[in-house]
Amino acid sequence: MTCHGAIAWASLEYFFVGAPTDQRCQFTSIQDALTAAAANGPDLDYVMVANTAGHTNQALFIGNQSVLIQGGYRSRDLDDDEDQPYAAISGNGSDPVIRVEPLAAAAYTNYRGVLSRLRLSGGGRDDANGGGLRVVTAANVGVRVRIEGNEITGNRAYNGAGVYLFKSTAAQAGLPELTIYPGARIHANTAAQLGGGLHVSGGLVFMAPDAVSIDHNTAAGAGGGIMLQPGTLFVDNAVSHLAAGPAPRRPAVGLNWPTQVQVGPSMV
């Protein structure tokens, strides 16, 4: 597959991101590709990111759209990069690296986001929620995000330094859902308050039974690894590795009621 224009298949389109010297790709900016995908309509589109370009100082925004962002390609021909399996996306040291925050809708809508083979680092700050990935719903809008083969590391936030999941307080707000597939690692993120790795407020998290690691995250308050405040966590059997970070050590999982944790068949 090459980067000649946007490839249409039914309502699906591919948007390719590569180096400025690669004239077969439409975009050098991931945000520009996301904006173009949003203009294509709310149905799922693919944003494919080659490692031919660097992506620094990023604060990516996903609004009222369904989109897959996939990296880890060596070139415009989408051949896998065995030396660099992720698209390295670093933040601006203030905003979340990726923010998924659709606006309210008149009729109930669920949007989907898939983040595949991305490395999110350097996002967030100590006085704001969400560092690597921030997902917030709106009135009549739910969001389902899936992460697979991602690394979320070296981010900061007040709550949810790695991932922050929040159900809007608006009337009839939709539910935020996060599914963590094998190959995901959330590590070495630092929260000034709660949820170094993952903070959930009113959302659902489905976690794969193996090959998922949430480790070496820290929180000054509680939930070095995961904080549910409240939230629901479904885990298929046992997580490969769930641990709090270095001193000052806090419990790996923090719970504020009403909260549910279920271990057993649950993946969707």
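The exercises below, each with a worked solution, concern a predicted model.

**Exercise 1. Aromatic pairs**

Classify the ring pairs Tyr14–Phe16 and Phe15–Phe27, and state which residues form one aromatic cluster.

Solution. 

Step 1. A pair of aromatic rings is described by the distance of the centres and the angle of the planes. Two rings pair if their centres lie within 6.5 Å. By this rule there are five aromatic pairs.

Step 2. For Tyr14 and Phe16, the ring centres are 6.1 Å apart and the planes stand at 15 degrees, so this pair is stacked. Planes under 30 degrees apart count as stacked.

Step 3. For Phe15 and Phe27, the ring centres are 6.2 Å apart and the planes stand at 45 degrees, so this pair is tilted. Phe15 belongs to strand S2 (residues 12-17), while Phe27 is in the loop between S2 and helix H1 (30-39). The two residues are 12 residues apart, and their pair links distant parts of the chain.

Step 4. Next comes accessibility, where buried means under 20% relative accessible area. Tyr14 is buried because its relative accessible area is 15%. Phe16 has a relative accessible area of 1%, so Phe16 is buried. Phe15 and Phe27 are both buried.

Step 5. One aromatic cluster is formed by Tyr14, Phe16 and Tyr46.

**Exercise 2. Charges over rings**

Which rings have the charged end of Arg117 and the charged end of Arg146 over them?

Solution. 

Step 1. The charged end of Arg117 is placed over the ring of Tyr73, at 4.7 Å from the ring centre.

Step 2. For Arg146, the ring is that of Tyr181, and the charged end lies 5.1 Å from its centre.

**Exercise 3. The largest pocket and the largest cavity**

Describe the volume of the largest pocket and of the largest cavity, then say what lines each of them.

Solution. 

Step 1. Rolling a probe the size of a water molecule over the atoms shows where empty space is left.

Step 2. The volume of the largest pocket is about 230 Å³. Its lining consists of 12 residues, and those nearest the pocket centre are Arg112, Arg144, Val145, Arg146 and Thr179. Two or more lining residues come from each of strand S9 (109-116), strand S12 (141-148) and strand S16 (176-180). Sorted by class, the pocket lining has six nonpolar, two polar and four charged residues.

Step 3. The structure holds one cavity of 30 Å³ or more. The largest cavity has a volume of about 60 Å³. Among the residues that line it are Ile62, Gln65, Tyr111, Arg112, Leu133 and Val145. S9 and S12 are the elements that give two or more residues to this lining, and S9 supplies the largest share, four residues.

Step 4. By class, the cavity lining has eight nonpolar residues, three polar and one charged.

**Exercise 4. Buried residues and their contacts**

Are Thr153, Asn155 and Gly197 buried or exposed, and which atoms lie at the stated distances from them?

Solution. 

Step 1. Thr153 lies in strand S13 (residues 151-153). Its relative accessible area is 6%, so Thr153 is buried. A polar atom of its side chain lies 2.9 Å from the backbone oxygen of His187.

Step 2. Asn155 is in the loop between S13 and strand S14 (156-159). With a relative accessible area of 1%, Asn155 is buried. A polar atom of the Asn155 side chain is 2.8 Å from the backbone nitrogen of Gly123.

Step 3. Gly197 is in the loop between strand S18 (190-194) and strand S19 (198-201). Its relative accessibility is 0%, so Gly197 counts as buried. From C-alpha to C-alpha, Gly197 and Met227 are 8.2 Å apart in space, and they are 30 residues apart in sequence.

**Exercise 5. Backbone details**

Which residues are joined by a cis peptide bond, and what are the phi values of Asn57 and Ala188?

Solution. 

Step 1. The cis peptide bond joins Gln229 and Pro230, with omega about -20 degrees. Pro230 is in the loop between strand S22 (226-228) and strand S23 (231-235).

Step 2. Asn57 is not a glycine, yet its phi is positive, about 55 degrees. Asn57 lies in strand S4 (residues 55-58), and its relative accessible area of 56% makes Asn57 exposed.

Step 3. Ala188 is not a glycine either, and its phi is positive, about 60 degrees. Ala188 lies in the loop between strand S17 (184-187) and S18. Its relative accessibility is 36%, so Ala188 counts as partly exposed.

Key:
Residues numbered from 1 in each chain as written. Predicted model: local features only at pLDDT ≥ 70, side-chain atom pairs only at ≥ 80, totals over all residues. Heavy atoms only, no water. Phe/Tyr/Trp six-rings, centres within 6.5 Å; stacked < 30°, edge-to-face > 60°. Buried < 20%, exposed > 50% of the residue type's maximum accessible area, 1.4 Å probe, protein only. Lys NZ or Arg CZ within 6 Å of the ring centre and 35° of its normal. 1 Å grid on protein atoms, 1.4 Å probe; cavity = no way out; pocket = protein on both sides within 12 Å on 5 of 7 lines; lining within 4 Å. Points joined across faces, edges and corners; volume = space filled by probe spheres on them. Nonpolar A, V, L, I, M, F, W, Y, C, P; charged D, E, K, R; others polar. Polar contact = N/O pair within 3.5 Å; in protein donor to acceptor, adjacent residues only side chain to side chain.
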